[in-house]
Every structure is written in C-alpha cells, then in structure tokens.
Amino acid sequence: MFNEISESIDGHPFTLAYNARQVSVERQTSRGLRSRHLRRVARMHQARYGILVRDGDHDVWFLGRSKAISFQTQLEGWLRTKDFGKDPFVLVITLDHAVYFAEVVEGYIDTETVLVEEAALENLQTLANAATPLRRFAGGRNTLQLGGHQLEGLAPVKVARAGTHRYRLLFFLMARQGLYHPVQALLMAGVLVPLLTAGIGYQRYEDRLARIAQELRLKQQQMQQQVGVPAPLKTDFSAAPKVIELSDYFILAEQFYSSGLASLQYARTVTIAGATPEYPQQPVRMAAVPPWTLELAAGGAWTLSRETGVPGDLRSPEAFGRFRVLEHIHALAAHAGAGLAISGVAQHPGGVRIEFALRLFHPRASHLRSLGKMLADRPYELKGAQCDFADWEPKQCDLQFSAGTVEEDT
C-alpha cells in the first residue's frame, strides 16, 4: 500500500505509485455518505491525492500521497478492451532500470510489484518455473532488456502526459463530483482565521467527547471489577495486513542491494538501513518521494524511514480459546518453516495474552505474504519485525507477535 518509486522510461523520469488504497462507492449512495466515507479512509491513511475511475455503477477512488502516476488505472482500462480470457496471468512491463509486475485476475490488477534488474530476472524465472502465464511488454523502445524473454510490443502506459491517470489533490477531485471536503470551506470563505479558530474549537469539542467516552469506559471497568466481573479482553487483529505491508516494504528494500542494504525494521515506523562507500544514489532518490526521510551518517551509513500505514483493529477474541491459538501458532511456524519461541503466557482480566516470535530463514516477500494470509482474521498483533540482509540476499526475518485469547476453548 502506498508504494512509490522514482523511475524513467526512455530517459523520461516519473514517479510511479502502485498498490494504492482503493475505495469503491456506489454512485447511488448519498453525497453526504460518500463524502464522509472517502474522507475517513483518506484521513486514516494520510492520503491527500487521488484518482477517480468510473466502473459501472461504482466510483473507484485510488488514494495516494503525491502527484505520482498510476499504471493500474491505465492498464485496467486497456485490459477491458482485450480478450485475454478469465485465467489469471502476470503482466510484465520493462522500465529503464526496473521491471513492473502486475497480477491480473479477470481484467483487474490484484497486486503490483516493481523490482530492479537482478531481482526482476529472478522473479521471472520463479514465475516460469511455476508455469505462471506471462505477457511481457516494453515500457519504451530503449527500456531494460530482459534477455531471452520475448516482448509482445509496447505497453499502453503514458508517463509524460498521463492526464487523468496522475494523482491530483483529493479536495479538487471531490469538489468536481459535488462531494464535500473541508479544504473547500477554507477556499470559499476567503477569511482563514475565523475558520481556523472554529476548526480548533471543533477539534477541542471532539477531544472533549473522546475524554468523556474514555472516562465512561474506565468507570465501567471499575464497576465490573467491583462486582467481580472481568472486563472483556480486546486484542488487535491487525497482524495480517501489517505482515502483508511488511512484504511490500521487503520488496522495496531489495532494490537497495547496490547501496549496501543491511536491514529492514517494521514497527510504528518502517526503517530501511545500509551503508556504502559510494554515494547512496537510490536512497537519495527515494527520499525525494514524501513521506520518506533520509539520514546520512559517517562511514557511508544511510537510513530511510517513514510511518507505517496499517491501523489497529481491536476486537474481542471470544471465539479463540487458549489451546486453539497455541495450536495455530505452531501451525504458523510449520507452514513458514520458521523457528518458534514462545516468550510468555500471561493471565489478563478477561483472557490470556501469548507473546511469541517467529524467525524466517532466507525469506522472500512471497513467504511473508503467505504468512500474512494465515494470520487473517486471527487475534494476533505484530509488535515489530526486523529483516537482515547481507551479500545481496536476505538472511533472516524476526517477527514478534502478541496473541489475545480467552482462557478455555469454547
């Protein structure tokens, strides 16, 4: 989600956004509901830019964080004009220094990946070994040569004049659709100070309501404890999307091997670090794409960092008993071929908390994605992760989890 890369086609530079957050809204839904839903998702993911695509009776909004361009919106329109059948395949497009991969299912792009030359050739070989159907196109006439992989022609993508396939300010797009965005009020009023003051007052009002709600929850917990009823346990179910997001950053990190890639850390922020005696050209290019920040240190060390994008998902684990979860944790380790360490099983009011760690050896992004699918709708929270790299390959990934359960299986 919100992956971006600075690349070029035939020497023309551009910023490509891929795996964007999508919001599909029925057009018959009231404008008020559409506005609130779109603003809520955009605010959650800190997205200020968007692309609008009409799809039947739905509006599909692609959200982003910069004025990048989208291949997905261009290609999906083109795919609908082609008869490629309903069987899934992978669409491959060569760029100047990297290769774009898109998994296509029934005319829609499911996931996107961008890999530099060596990793791209390795991925092509992996797909070929798995007998995955491929369709290969060139982004331009002078783009990367795949060597032995025949191309079908030029891809139907534009980078210089992308038009409606370039991300634009979300408030502008919403205004054109008659949808409300708070920035419109600021532009129409002409006098910012009173409106800002009102906004601050409204924020204080929301903060006050939040404090009152928190006080009520605390009082409820105190009353339950006084009468001997344990407060219901809430646990975070967000491990699955976080591990999948980690796999996206893993793919991105592997593009920095030539800059001395050493580690990838994931918690509240994601940090990619390395060291090189040469000028860290690729990290510097990435730092030009918000919200990445770059820090340079003595000895050629560099660090790229940004906030992660997956929110928490607090729910009751009442359907998951302690022994059922322990059994599943061991199944996770077996499935991933990972080392397992359970560091603690602690009693909490209303349930049990299990802390454990998985160590993946010589991992790939596909391993992380497979693990993420096994975590879907399970009471697991990813506390943090670190992947180490050396000699142009991943060595291991350590992932720390917390699982919330009820005491007995039901």
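Strands E3 and E5 (residues 58-64) run antiparallel and are joined by six bridges. The model is predicted, and local features therefore require a pLDDT of at least 70 and side-chain atom pairs a pLDDT of 80 or more, whereas totals for chains, interfaces and linings use all residues. Residues are numbered from 1 along each chain as its sequence is written, and side-chain values use heavy atoms, with hydrogens and water left out. Helices (H or I, at least four residues) and strands (E, at least two) are DSSP runs numbered from the N terminus; two strands pair if DSSP finds at least two bridges between them.

E3 and E5 belong to an open sheet of four strands, ordered E3-E5-E4-E11 with antiparallel pairing. The edges are formed by E3 (21-26) and E11 (168-169), each of which has a single partner strand, so one side of each lacks a neighbour in the sheet.

## Helices packed on the sheet

Contact means heavy atoms within 4.5 Å.

## Helix H7

Helix H7 comprises residues 239-253; at 1.5 Å a residue its 15 residues should span 21 Å, which agrees with the 20 Å between its end C-alpha atoms. The expected span is 1.5 Å times one less than the number of residues. Of these 15 residues, 13 are buried, so H7 is largely enclosed by the rest of the structure. Buried denotes under 20% relative accessible area (1.4 Å probe, protein chains only).

## Strands E13, E20 and E21

Strand E13 (residues 261-266) runs antiparallel to E20 (residues 380-390), with four bridges between them; Ser263 stands opposite Asp388 in E20. E20 is also joined by ten bridges to E21 (residues 393-405), again antiparallel, and Cys387 stands opposite Cys397 in E21. E20 and E21 form a hairpin with two residues between them, and Asp391 in the turn has a positive phi of about 55°.

## The chain as a whole

The chain has ten helices and 21 strands, and 44% of its 410 residues count as buried. Among contacts with a separation of 6 or more, 64% come from residues 24 or more positions apart.

Terms used:
Buried < 20%, exposed > 50% of the residue type's maximum accessible area, 1.4 Å probe, protein only.
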